[in-house]
Amino acid sequence: MERIDKVLSNLGYGSRKELKGIVKKGLVKVNGEVIKDNGLQIDPEKDKIIINGEEVYYRKHIYLLMNKPEGVVSATCDKYDTTVVDLLEAEDAIFEPFPIGRLDKDTVGLLLLTNDGELNHRLISPKWHVDKVYYARIDKVVTESDIKQFKKGVVLDDGYKCMPGKLEIIGDYKEGSEVHITIQEGKFHQVKRMFESVGKKVIYLRRVKFGPLDIDENLEEGQYRELTDEEINLLKGN
Ligand code: URA
């Protein structure tokens, strides 16, 4: 059970103080009855709340799929840079979502945001083997030997041995190659460091898949949308 003014305030219906006034004016009904107490204990999952004649749509969690642009950091707040949360509409930001894992400032593409801590935990843990697929442009030609090394697990600059990664060459890009790389971990700068360990540089990186979800090509960079119920179930493995 929770205080009604707290629930409504969290859903963006005003501050606790404003809600006190709204309740006083008799504009809030719970299960058909006008209420007078802004501290009334309610069950937001079960009780039917009407404010100003409009039914309140309650939900605890929000799940967003963003096409992250360049120049924006995957954080909830930052002293210097714009964050992915700064790109959200107020009605979504009110749920206090945070990014699931991180993309570098210069990496673009699929980024999920949620306030569902349990799902976040599961999706970022390598234990659950969630595939993340990146499209990358590499400064030099990628070889069969690189593919083999990635498959075995390359060793990063700090001595960490990566889990096997799947590297597929798509074609040429200038003097180098275009590839798809699939990994299940999310170490700091992982893809870039994996290529560095075979003497190459990532010059462009875009995440195109996260677990069962593909990037939404209808979203411009910087745009986002809510996941559908079907997509949420897919992510949760239901
Ligand atoms: N690997 C990287 O190097 N950078 C990213 O943003 C994601 C994966």
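Author: Domain 2 (63-126 + 212-236) and domain 3 (131-210) each supply at least three residues to the shell around the ligand. These bounds come from an automatic or database domain assignment. That assignment also gives domain 1 (2-55). The C-alpha centres of domain 1 and domain 3 lie 52 Å apart.

This is a predicted model: local features need pLDDT of at least 70, side-chain atom pairs count only at pLDDT 80 or more, and totals for chains, interfaces and linings use all residues. Residues are numbered from 1 along each chain as its sequence is written, and side-chain values use heavy atoms, leaving out hydrogens and water.

Now the shell. Its members are Leu103, Asp104, Thr107, Tyr134, His189, Gln190, Val191, Lys192 and Leu205 (near means a heavy atom within 4 Å). Four are nonpolar, three polar and two charged; Tyr counts as nonpolar and Gly as polar in this scheme. Helix H6 (residues 190-196) gives the most, with three residues. Helices here are DSSP runs (H or I, at least four residues), numbered from the N terminus.

Next, the polar contacts (pairs of N or O atoms within 3.5 Å). A polar backbone atom of Asp104 is 2.7 Å from a ligand oxygen. Thr107 brings a polar side-chain atom to 2.8 Å from an oxygen of the ligand. For His189, a polar backbone atom lies 3.2 Å from a ligand oxygen. On its own, the ligand has 240 Å² of accessible area, and the protein covers 96% of that (Shrake-Rupley method, 1.4 Å probe).

How values were computed. Polar contact = N/O pair within 3.5 Å; in protein donor to acceptor, adjacent residues only side chain to side chain. Helix = DSSP H or I, 4+ residues; strand = E, 2+ residues; numbered from the N terminus.
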